[in-house]
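Hi,

Here is the structure I promised to pass on. Have a look at it first, and then read my notes below.

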Amino acid sequence: MDEYKACNLDYFPENILIDVLSFLSVREVVRAGRVCKRWKRLVKDQKLWRLVDLTAWKGVTSRILWLLLRQYLGCGLRCLRLRGLLLSARGGTFLSESWLKALSTKCPRLSKLYLLHADLRGLPSCQLLPPSLQVLELRGCELPREFFNQTSPARSQETPEATSSVGAQQKRRDQKGKGQASPSGIGIDTLVLNNVPSFTDQHLQSLTTWERLSRLELRDTFRVTANGLRSSAAKEAVCGVEGLSRLKFLEIGITGRQGYQLQMASLGLGAGWLGLEELSLGGKEVGPGLLCASRLKDLKGLCLWACTLSKMQIVRSCRMLRGLRRLEFLDVIFQPPQCPPVVEGEGGGGGGGEEQDNDEAAGGDNSNDENRTLDANDPIPSLRRSLAALLPSCSVVFTNCSVQINPD
């Protein structure tokens, strides 16, 4: 037993120590490297630097970023989360062009970048970001006007002879056939914008030049209008499909601060959107979006979140979505069914269009008195039956939903 009393961390194998260190934050890992030479070597293991989250470390400056990049970050980095100085009293430069270039060189496998409260107006374009990025998420950031523009310096520097040469044309055709982007192209396939007030229709139009963008999430982007969404939608043109032609998933939601004029950007879906398979609507965009969802011929999945809905509103919208395969309700408050005045001997014959629509959609299932009693308190079972009759091939999911309490 005496030998066990004398045990310390030096007796543990290195893989166990690395697993223990993986539970620490970035700041604590850096401090642990000052314990001894062995720990200094262990904290540089790339297993500890796959997912780096610096959002909890307040006051991270460019000096700290350079220190982490030179001593710790390497080819093992996959996901990087940074917190900018936009809301800090210090201010100052956060991301510089030189640091981003060094990050691209030293971390060639970085695939996801998350920026919180970062002022990106000092960067001329997002092409300065690492070319290996596949997911870019911006929250509470400030953007320059030309940030999402994609330029091709290599093409602009070509001489007329090189442009017209057979070899150059054949090389471009080969790259297009293989689906490879140009060296200066943007390879991001998922873009998430959360509470970015500076994002406008001009930025949205710039995204049409991205060749790989397949998922776009717009949350609390108050300056995006229906006209901007309509002009960026994938549609048939003389030279083929133009707009965001590769987009498969689109999310639009307004749930944030008061004082902004509601643009109802989801009305732009009324022009149709070729190839769009999944749509997510949230907050104040649910109502306008449901009115236009029937124009999306390729739609297979629909998610409604953070809103208040009635059964009649859902049933009427889903009648035009026969190709739907998945319908999800997330944090939705359902309005209780409105009970009209009951006339003796009539059983509610003059009860309005809502009850008539629901009974017709449910195939007469609501005629059961027991079901009527349950539906008066909880409309979700009745809604399930109505949707099962309308969309027999669609799976319906309710997550964290509730029923609005009627004070009467």
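Seven salt bridges turn up in the structure, counting a side-chain nitrogen of Lys or Arg within 4 Å of a carboxyl oxygen of Asp or Glu. Bear in mind that this is a predicted model, where local features need pLDDT of at least 70, side-chain atom pairs count only at pLDDT 80 or more, and totals for chains, interfaces and linings use all residues. Residues are numbered from 1 along each chain as its sequence is written, and side-chain values use heavy atoms, with hydrogens and water left out.

One of the bridges pairs Glu14 with Arg41, the closest N and O atoms being 2.8 Å apart. Glu14 sits in helix H2 (residues 14–21) and Arg41 in helix H4 (residues 37–42), so this pair ties together parts that are 27 residues apart in sequence. (Helices are DSSP runs of H or I, at least four residues, and strands are runs of E, at least two, numbered from the N terminus.) Both ends are partly exposed, Glu14 with a relative accessible area of 31% and Arg41 at 48%; the class lies between buried (under 20%) and exposed (over 50%), with a 1.4 Å probe and protein chains only.

Then there is Arg219, partly exposed at 25%. Its side chain meets that of Glu217 at 2.4 Å, N to O, and that of Glu251 at 2.6 Å. Glu251 belongs to strand E9 (residues 249–254) and Arg219 to strand E6 (residues 215–219), so the second pair ties together parts 32 residues apart in sequence. Through shared partners, Arg215, Glu217, Arg219 and Glu251 join into one network. Glu217 is buried at 5%, and Glu251 is buried at 8%.

As for disulfides (cysteine sulfur atoms within 2.5 Å), the structure has zero. For Cys75, the nearest cysteine sulfur is that of Cys107, 8.2 Å away.

Which residues of helix H6 (residues 97–106) are buried? They are Trp99, Leu100, Leu103 and Ser104, and they cover an arc of only 140° around the axis, which puts them on the same side of H6; the arc is that of the directions from the helix axis to the C-beta atoms. Lys101 and Thr105, on the other side of H6, are exposed.

On confidence: pLDDT, the predictor's confidence in each residue from 0 to 100, averages 82 for the protein chain, and 76% of the residues score at least 70. Over residues 175–183 the pLDDT is below 50.

Cheers

How values were computed
Contact = heavy atoms within 4.5 Å.
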